[in-house]
Amino acid sequence: MLSYLLGRIFSLAMILLAVSVIVFALMHSVPGGPFDERKGRLPPAAKANILKKYGLDQPVWKQYVNYMSHALRFDFGIPFQRPHTTVAKLIGKSWAVTVQVGLCTIALAFTLGILLGIYAAYHQNSWVDTVVTFISSLGVTVPNFVVAMWLILIFSVSLGLLPMGGWGSSGQCLVDRYFCTDWILPVVAYAIAPMSVVARYTRASIVEVMGEDFVRTARAKGLSEVKVMRKHVLRNAQIPMVTALGTEIPNLITGSIFIESTFRINGLGKYFVTSTLNRDYPMIMATFLLVAFLWGVLYLLTDIAYTLIDPRVRLGAKSLS
Amino acid sequence: MKHPKSNPMSLWSRVRCRNRWLVSGAMLLSAFWVAPTGVSAQSLPSDAAPASQQVLRVPCDNTRNEVTFDFAVSVYQRYECVPDLFQDTLVDLDKDFNVIPASAESWSVDASGKVWTFKLRPGLKWSDGSALTAYDYEATFRYSASPSSAWDFTWFYSFIGAGGIKNWSKVIAGDMPPSALGIRAVDDRTLEVETEGVFPPLPGVMKFAFLLSKKALEEHGPYYNNDPDTSVSAGPYVLKEFDPGNRIVVEANPNYTGYRPARLKRIEGIYMSPATFFTAFQQGEVDTVPYERLTPADFKVIQSDPVLKDNYLRHFGDFRTDYLLFDTYTAPFNDVKVRKAFAYALDRESIVKNVYGEIKAMPAHSMLMPGYPASDTKGALKQYQTYDCNKAKQYLADAGFPNGKGFPAQEMWLRGEGPAMSAVYQASAASIAQCLNIKIEVSNKDGKVYMDALNAKPTQLTLGAVSYGMDFLDPSNLLGIWVSSGRHSWKNDEFDSLVAKASNLVGDDRKREQMFRDAQKILVDEVGGVFIAHRWQGDLFKPYVQGDSFRTPDSNGISGKHWGNDWYWSNVYISNKK
């Protein structure tokens, strides 16, 4: 197990290295630089100065080496969009908010999604199943910014029930600036798509397991439906569910520009887009490395979770064939 | 409010009168001006809400890339929702765009016409109580011109040619030290500005003479205003809270002694997606929305609601014109007949009516929007650029492409436009393509890619669409961008000569204006560009947001928050109707 983990960590490091090379090369190959202007060009002397200030006057390979040598010490540079702070501070501050949004969304989406999936599976082909399937299909296909605008129009503008955003600024909170009324709409809007995915995967996994011989045997043995469900169905349905759900988590905790900008959440999501548009090289690199790191870690955790769910899975065991 | 369309003749005759006055204002009145002395704190009008309720909430765009509050640090990346509140410029503009005193109480020019002396008001102070002096202005200009600052507006003082500050180009190029700049503090209250040549509109250009605190700049660097602890203001407001991307709160500056003391107690800038500005306005979370953040659907709601309609105040804005540009140095656009074909194939009226909406634009037949000095208020230039598809086809046939046959397929570039302007340019391309039976594909490029291609010499942009608004109110500005050394790949020696001579002409305002008119005629007739529309701009206000600066019409009958009227921010107040 330990050697497996070490191997996976080494592999993750290699992936991050590959991502850094690819992203660095791509962002420097895109036309337009960070200090090109909308109206007039900077004078050559000023341009030379600013390029020198940020080390952009060096050959690209040297810039890469410089960047990575600093990044290894967690110094990701100065964002061109916020020159009075550092990338690490900016990400630290904005990501904290995004993680709050993400965790609330995960809690809501996964709880509702699993419950709906189980309910639909147990009432397979009934009208309940049809409704859940329809809603989950809709949730996956309708973009979250459309959902967001509809929620605002209905619950804020028409009914006046909920604030239209601000993330903790409404003053109507359960604890200090946490769990506020202005959290409700963004979390619901953000949760609908992952909830639909979770519901669909849960339903499919459970329906498949419910058709297995061991479930029929358990029922034949006279076990209660609750026990059949808990001990046999859910347990065996967990692996495909965990596989599907694991991929949703990195998406949710790195934010969405649409949700954050629509609901006035000062999070990390917008920087994925604005960094690219503004050719903010340090932020582009940092955000991509963060995402790659999160995906790598989440995949690793998912694999570890397999061993906990299903004792038959042994990480690092040699194949028998 | 008088509606500008209700009596066009009356409007244009007033505009004509105003134009003469404007030019002469720029040239004569601005050459020696003495302001009324004495500045008293602004009291609230009788219909105002109590002082404690004087809070204006404005929406801020959370998708913009902004880094500073200070014009002198960055022009294009400054916090735009609460602009330029921590300092006053040397001069301001009134509702008719006449130059009026701001930090400078008077100015004069010497016999050479190149050395301007600005006298600061007595008793100007920073919010920390220290004196504001001419040395602060001198230090600010030196900071901005220094290549190490990489200021994004350096182009401006080079662009205005004779009006450029002496040695500006050499200093920004690093060939001279910033101390060699033609900006000198003679004493605490006297600032000298020496220009490269004679430039009558110079006082108007000093609208951009914003300042930084010399002391704060030296102690904390250029971003000192981004932190309430180090921020120091010489404007009507001081920074109270700042959470970038979330919230900006400024409060009235208790130590302010300048020309625009605040009526409001506080301004709150609330960051949100531009898509939700109008919704937030409807929800009562903000008190105003600028026109560029209103969608066609929002305009429909506004026009159908009498209260909203009365409180959407339309104005000239920065006299912005949307147009098509060409690389006229290479085929096929090196043939003026092809360009004329494009000019006559564009159905401007239909595009304004059906795509912009008439509340947002008027058809353009030239570069200068009616109302701007030297503009074509009589419609004399309409004959050169108007929709006449048969004529367009004939010109294209004369150029060797009968019924569009053999005309190369074109790609028309857009500069990272949003959905509304993309639709305008798509419609423009479709109008031309349909009339001429040619192919034009519209490609919306990233802004930086577009500007790189446009600025490249030779240009890499064969056909493009773009807009331009004024930087200062003089024809030399909006016509100056068309001279052959400017941003466009079009050259006409007579046009260049007329613009250059008129820009520097002193003492004969009628002749100067006529020269600009002649230049514009050449631009339109030779089709340097195809002009689509002039944009009406505007703002939507809550009915309780009041102030003469935007509620009272100007001499053309146009209300609204006029471009460059920095005194708006001290004139606005909350009425007791809230």
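Tutor: A residue counts as buried if 20 or more other C-beta atoms lie within 10 Å of its own, and as exposed if 12 or fewer do. The model is predicted, and the words below apply to that model.

The part to look at is B:Leu93, which lies in strand S3 of chain B, residues 91-93. B:Leu93 has 21 other C-beta atoms within 10 Å, so it is buried. Leaving aside residues up to four places away in sequence, B:Leu93 touches B:Asn98, B:Val99, B:Ile100, B:Lys207, B:Gly564 and B:Asn565.

B:Lys300 and B:Tyr271 are 29 residues apart along the chain, and their C-alpha atoms are separated by 25 Å.

The next stop along chain B is a pair of strands. Strand S5 of chain B, residues 104-109, and strand S6 of chain B, residues 115-120, run antiparallel and are joined by five bridges. Within this pairing, B:Trp107 stands opposite B:Phe118, and B:Ser108 stands opposite B:Thr117. S5(B) and S6(B) form a hairpin with five residues between the strands, and in this hairpin B:Gly113 takes a positive phi near 80 degrees. S6(B) also pairs with strand S8 of chain B, residues 190-194; these two run antiparallel and are joined by five bridges. In that pairing B:Val115 of S6(B) faces B:Glu194 of S8(B).

A helix of chain B shows how burial can be arranged on one element. Helix H16 of chain B covers residues 493-504, twelve residues that should span 16 Å at 1.5 Å a residue; its end C-alpha atoms are 17 Å apart, which agrees. The buried residues of H16(B) are B:Phe495, B:Leu498, B:Val499, B:Ala502 and B:Ser503. Seen down the helix axis, these buried residues fall within an arc of 120 degrees, so they line one face of H16(B). On the face turned away from that buried side are the exposed residues B:Asp493 and B:Glu494. The cover over the buried residues of H16(B) includes helix H15 (475-480) and helix H17 (509-525) of chain B.

These parts belong to a chain with 19 helices and 22 strands. Of the 578 residues of chain B, 56% count as buried. A compact globule with 578 residues would have a radius of gyration near 25 Å; chain B has 24 Å, which agrees. Taken along the principal axes, its C-alpha atoms fill a box of roughly 75 × 55 × 45 Å. Among contacts in chain B between residues at least 6 apart in sequence, 71% join residues at least 24 apart.

Chain A is built from twelve helices and two strands. Along the sequence, the pattern of chain A reads α-α-α-α-α-α-β-β-α-α-α-α-α-α. Of its 321 residues, 35% count as buried. The C-alpha trace of chain A spans about 85 × 65 × 35 Å along its principal axes. Helix H8 of chain A, residues 213-220, has eight residues and the number buried is zero, so this helix lies largely in the open. Just after H8(A), A:Gly222 takes a positive phi of about 90 degrees.

The last step is where the two chains meet. There, 35 residues of chain A are in contact with 36 residues of chain B. On the side of chain A that touches chain B, the elements giving two or more residues are helix H2 (44-53), helix H6 (144-158), helix H10 (257-262) and helix H11 (269-277) of chain A. H2(A) gives the most, with six residues. By class, this side of chain A has 13 nonpolar, twelve polar and ten charged residues.

How values were computed: Residues numbered from 1 in each chain as written. Chains lettered and ligands numbered in written order. Predicted model: local features only at pLDDT ≥ 70, side-chain atom pairs only at ≥ 80, totals over all residues. Contact = placed C-beta atoms within 7 Å. Helix = DSSP H or I, 4+ residues; strand = E, 2+ residues; numbered from the N terminus. Nonpolar A, V, L, I, M, F, W, Y, C, P; charged D, E, K, R; others polar. Expected span 1.5 Å × (residues − 1). Arc of directions from axis to C-beta. Rg over C-alpha atoms; globule rule 2.2 N^0.38 Å. Pairing = 2+ DSSP bridges.
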